[in-house]
Amino acid sequence: MGLFDAFKKKAAPAKPEAIQVSVQAGALAAPVAGRVIAMTEVPDPIFSSEALGRGCAVWPEGDTVYAPVAGTVSVAMGHAVGIVSPDGVEVLVHIGVDTVDMQGKGFTGYVAQGDAVAAGDPLITMDRAAIAAAGHPDCVVVAVSNTADLASVELAVEAGATVAAGDALIAVAR
């Protein structure tokens, strides 16, 4: 290693490929593979009280978080992405608990506000070791923030089930 090699910027990681998502209309896909927990079990009182909407979370097995629904990105932060579907369902995908404290460190985002996304497009890659080192749980929360405007928002699988990224996770009815 030369003297100036330490000052060179590391190349950004390559954007992961999109995954295949095959869910019925009105369903949100799992954004990551892992074990599903009910929203009331998320270790954060704001999410567990469903103040930000109904949904669930997944204790992840992987590092890449994918879009659970097609739509337009309404907000993109280091640790979270909001998406509005063409039929008006507002979905928040939030990585971890209190990870806003990390100020984007440990996250590589692939979308910006206003971008169109397809279900299965990569949104963020997280560094799970960095999240753990910062003392934060790394569950990936999926909340339907406009729950009150919808007829129902229900789990499509049982809490405790293991899902693959792209599997049906939440059923939404207008």
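In which strand does Ile124 lie? Ile124 is part of strand β10, residues 122-126. Strands (E, at least two residues) and helices (H or I, at least four) are DSSP runs, numbered from the N terminus. This is a predicted model, in which local features need pLDDT of at least 70 and side-chain atom pairs count only at pLDDT 80 or more, while totals for chains, interfaces and linings use all residues. Residues are numbered from 1 along each chain as its sequence is written, and side-chain values use heavy atoms, with hydrogens and water left out.

- Ile124 is buried, at 2% relative accessibility. Buried means under 20% relative accessible area, exposed means over 50%, and partly exposed lies in between (1.4 Å probe, protein chains only).
- Ile124 and His79 are 45 residues apart in sequence. In space, their C-alpha atoms are 7.7 Å apart.
- Thr99 sits in the loop between β7 (90-95) and β8 (107-109). Thr99 is buried, with a relative accessible area of 1%.
- Neighbours within four places in sequence are set aside for the contacts of Thr99. The partners are then His79, His94, Phe107, Ile131, His136 and Pro137. Contact means heavy atoms within 4.5 Å.

**Salt bridges**

- Side chains of opposite charge can pair when their charged atoms come close.
- The structure holds 3 salt bridges. A salt bridge here is a side-chain nitrogen of Lys or Arg within 4 Å of a carboxyl oxygen of Asp or Glu.
- Arg54 pairs with Glu154 at 3.3 Å, N to O. This pair links distant parts of the chain: Arg54 is in strand β3 (residues 54-60), Glu154 is in strand β12 (residues 152-155), and the two are 100 residues apart.
- Arg54 also pairs with Glu50, at 3.7 Å, N to O.
- Accessibility puts Arg54 at 31%, partly exposed. Glu154 is partly exposed too, at 40%. Glu50 is partly exposed at 27%.
- Asp138 and Arg128 form a salt bridge at 2.8 Å, N to O. Asp138 lies in the loop between α2 (128-133) and β11 (140-144) and Arg128 in helix α2, so the pair ties together parts that are 10 residues apart in sequence.
- Asp138 is buried, with a relative accessible area of 14%. Arg128 is partly exposed, at 27%.
- Shared partners join Glu50, Arg54 and Glu154 into one salt-bridge network.

**Cysteines**

- How many disulfides does the structure hold? The count is 0. A disulfide is a pair of cysteine sulfur atoms within 2.5 Å.
- Cys56 is buried, at 0% relative accessible area. Cys139 is buried as well, at 0%.

**Largest pocket**

- Rolling a probe the size of a water molecule over the atoms shows where empty space is left.
- The largest pocket has a volume of about 210 Å³. Its lining holds 17 residues, and the closest to the pocket centre are Ala25, Gly26, Ala27, Leu28 and Val69.
- A pocket is found on a 1 Å grid over the protein atoms alone, as an open set of points where a 1.4 Å probe fits, with protein on both sides within 12 Å along at least five of seven lines. Lining residues have an atom within 4 Å of a point.
- Grid points are joined across faces, edges and corners, and the volume is the space filled by probe spheres set on the points.
- The lining has 12 nonpolar, 3 polar and 2 charged residues. Ala, Val, Leu, Ile, Met, Phe, Trp, Tyr, Cys and Pro count as nonpolar, Asp, Glu, Lys and Arg as charged, and the others, Gly among them, as polar.

**Positive phi**

- Most residues other than glycine have a negative phi.
- Glu50 has a positive phi, near 65°, and is not a glycine. Glu50 is in the loop between α1 (45-48) and β3.
- Gln103 has a positive phi of about 50°, again without being a glycine. Gln103 is in the loop between β7 and β8.
- Is Gln103 buried or exposed? Gln103 is exposed, with a relative accessible area of 65%.
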